[in-house]
Amino acid sequence: MTYLGLDIGTSGLRALLMDSAGGLIGSAEHSYPTAHKTSGWSEQNPADWITAIEVTIAELRATYPAFADLAGIGVAGHMHGAVLLDKDGDVIRPCIMWNDTRSHAEAAALDNTPEFRAISGNIVFPGFTAPKLEWLRTHEPQSYARVAKVLLPAGFVNHYLTGDAVADMSDSAGTSWMDVAARDWSQTLLDASNMRRDQMPRLVEGCAPAGVLRPDLAIQWGLNAPVTLAGGAGDNAAAACGMGVLEEGHGFVSLGTSGVLLLARDSYAPAPDTALHTFCHAVPDRWYQMGVMLSAADSLSWLSKITSTRAQDLTEELGAGLNAPSSTQFFPYLSGERTPHNDAEIRAGFTGLGQNTTRADMTQAVLEGVCFALRDALEAIKSTGGSYTRLYVTGGGSGSDYWLSLLATVLQIPLHVPEGAQFGAALGAARLGMAAATDIPLAQILRPAPTARIIPPDPALVPAFEAAYARFRAGYPILKSHPVRGTL
């Protein structure tokens with residue numbers, strides 16, 4: 001038997017085919033556009049996701065005969081997006097994406113209602129789903145009046161594949177409509193945001209069966225037997241499943257375009273005032289907490305662009321061994337910040353620039369600023385009683401040994417580099433498809449990723465970076481208070 005993971009990413013879809021031993025058979029990808037009609041808006045056409053599925057499935061079928069033995073499918077997707085269906089199941093308008101900020105006023109109004117933080121366990125961020133519907137109610141009342149179902153991107157794909165409106169707990173926890181402790185929709189939060197329970201999809205655990213692949217698609221895809229659909233997961237929960245991050249104390253740090261510090265929890269311990277996300281995991285009786293910064297590897301990409309120098313060349317200028325902290329500091333708020341500041345208006349800034357400042361000094365400051373911002377997220381997680389016994393590292397920035405050594409030293413935690421290729425959310429989704437379609441124990445399917453190598457902190461430099469981090473923390477209030485945000 002084989003198992004398929006579909007990851008509906010922000011820039012494109014990845015389809016991954018896995019064998020019954022959990023090994024990779026093959027993968028395929030297809031990109032799609034994002035529309036930005038005006039500043040702060042971000043939309044995608046759900047029909048483009050279906051086209052991407054058709055293209056990638058055709059490629060997998062043509063390349064890998066084992067595809068015909070497909071037994072289970074799991075779907076992961078970018079969170080918080082609002083896909084709106086009418087009573088006939090037709091899409092009403094383009095999906096409003098996770099990084100769309102048009103509903104900032106509506107989010108603030110909902111967040112000022114105490115029940116939202118108390119029940120959902122999270123701040124109501126502009127990117128979340130509930131404020132999007134409030135924006136729609138005011139600005140597009142004709143579309144709002146037609147809404148029969150609100151689906152998240154992964155849930156919409158599940159609907160296409162099964163014909164049923166179903167969603168998993170991990171994805172739904174990011175809507176601001178869910179009682180995250182009870183793992184169910186909250187009637188109180190639905191009422192407070194002018195929504196009805198019948199407009200919500202049916203909830204299942206991410207590793208549980210959510211339905212069966214439509215017979216017409218099974219025939220079209222040339223499959224030999226019925227195929228079970230899993231509940232699936234939001235992208236970060238799926239990535240955690242791909243690395244086997246389920247147990248208390250296990251987590252990962254991602255140096256992607258944005259930065260993520262995630263910790264699996266076996267109990268519910270929300271801390272919304274820290275701007276941590278506390279969501280259901282994709283398996284029963286598990287949750288996860290996550291700190292998010294908006295410009296991690298993107299900060300290095302920005303420096304690469306303005307210096308016309310490849311990112312790899314910039315980091316190689318720093319040498320092989322970890323340097324003492326730079327006298328130049330960088331605050332990595334190019335697009336605002338999420339954890340712990342929840343500040344959409346703050347902007348980045350350098351301090352300590354002088355006539356003798358070099359490009360390498362600025363590169364080092366950028367890498368350190370990103371690490372200090374992730375340390376902010378770690379401190380928020382610590383405030384809830386969380387700690388790490390194993391921390392994986394992933395994302396494009398993990399290709400720099402200098403950055404990994406720096407991050408381990410700033411966090412004061414050894415970093416586990418996973419063995420082999422990293423397929424993230426798509427691998428986690430395939431694993432969830434396998435869990436839903438078989439009786440194999442979850443611990444056997446969602447096993448921890450083997451470690452290729454461990455990057456330890458540099459004990460000789462820990463005190464110096466602790467002092468540098470204290471200076472970084474002291475700089476944020478100054479940056480925030482300046483009339484031109486991000487200028488010192």
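**Helix packing and cavity lining**

Mentor: Helix α13 (residues 359-382) packs against helix α17 (residues 462-481) at an angle of about 85 degrees, and their axes lie 10 Å apart. Axes are lines fitted to C-alpha atoms, for helices over the stretch in contact, with angles from 0 to 180 degrees between N-to-C directions; helices (H or I, at least four residues) and strands (E, at least two) are DSSP runs numbered from the N terminus. The angle therefore makes α13 roughly perpendicular to α17 (65 to 115 degrees). The model is predicted: local features need pLDDT of at least 70 and side-chain atom pairs pLDDT 80 or more, whereas totals for chains, interfaces and linings use all residues. Residues are numbered from 1 along each chain as its sequence is written, and side-chain values use heavy atoms, without hydrogens and water.

In the contact (heavy atoms within 4.5 Å), α13 contributes Glu368, Gly369, Phe372, Ala373, Arg375, Asp376 and Glu379, and α17 contributes Phe465, Glu466, Ala468, Tyr469, Phe472 and Arg473. By class, six of these residues are nonpolar, one is polar and six are charged (nonpolar: Ala, Val, Leu, Ile, Met, Phe, Trp, Tyr, Cys and Pro; charged: Asp, Glu, Lys and Arg; polar: the others, Gly among them).

The largest cavity holds about 40 Å³ of space (a cavity is a set of points on a 1 Å grid over the protein atoms alone where a 1.4 Å probe fits but cannot get out; lining residues have an atom within 4 Å of a point). Its lining includes Glu368, Gly369, Phe372 and Ala468, and α13 gives the largest share, four residues.

Notes
Parallel < 35°, antiparallel > 145°, perpendicular 65-115°, else oblique. 1 Å grid on protein atoms, 1.4 Å probe; cavity = no way out; pocket = protein on both sides within 12 Å on 5 of 7 lines; lining within 4 Å. Points joined across faces, edges and corners; volume = space filled by probe spheres on them.
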